[in-house]
Amino acid sequence: METAETVPTVETPSCLCTTQPFMAVPDVAVVIGRSREYLYGGLREGRFPGVKFGRAWGIPRQFVRDFVAEVVELGLVVDFEEYAESWRALRTMQRAA
């Protein structure tokens, strides 16, 4: 039987991976279950919120969090592109207020 003294502990690394305001497209693709090509196309055409840093795209982490929380966790059936459009509209209204 192992005691608490013999059980190895794992240190939590201090990383910025969850505190940065943007997520890389490959990471978002894994989270939402879509292809990177789909996301890149949507970003280029302006269907999804994002920002381009040189050749790399970033998608707002809050957008992904909101999508997962409101759609996936609640079990709603929503088109990703429609969700992106409504998310942008909501953000625009919040800034105007």
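1. The accessible surface of the protein chain comes to about 7300 Å², and carbon and sulfur atoms account for 56% of that area. These values, like the others in this note, are computed from a predicted model. Of the 97 residues in the protein chain, 27% are buried.

2. As for the overall layout, the protein chain holds 4 helices and 3 strands, which follow one another from the N terminus in the order β-α-α-β-β-α-α. When contacts between residues at least 6 apart in sequence are considered, 52% of them join residues at least 24 apart.

3. Helix α1, which covers residues 25-32, packs against helix α2, residues 36-44, at an angle of about 115°, and their axes lie 9 Å apart. On the α1 side the contact is made by V25, P26, V28, A29 and I32, while α2 contributes R36, L39, Y40 and L43. By type, the residues of this contact divide into 8 nonpolar and 1 charged, with no polar residue among them. The crossing of α1 past α2 is right-handed.

4. The largest nonpolar core has 19 residues, and those with the most contacts inside it are V28, L39, F48, I59, F63 and F80. At least two residues of this core come from each of α1, α2, β3 (56-60), α3 (61-72) and α4 (80-96).

Technical notes:
Residues numbered from 1 in each chain as written. Predicted model: local features only at pLDDT ≥ 70, side-chain atom pairs only at ≥ 80, totals over all residues. Heavy atoms only, no water. Buried < 20%, exposed > 50% of the residue type's maximum accessible area, 1.4 Å probe, protein only. Contact = heavy atoms within 4.5 Å. Areas by Shrake-Rupley, 256 points an atom, 1.4 Å probe, with all protein chains shown as cover. Axes fitted to C-alpha atoms, helices over the stretch in contact; angles between N-to-C directions. Left-handed = near helix turned anticlockwise from the far one by under 90°. Nonpolar A, V, L, I, M, F, W, Y, C, P; charged D, E, K, R; others polar. Core = buried A, V, L, I, M, F, W, Y, C linked by side-chain atoms within 4.5 Å.
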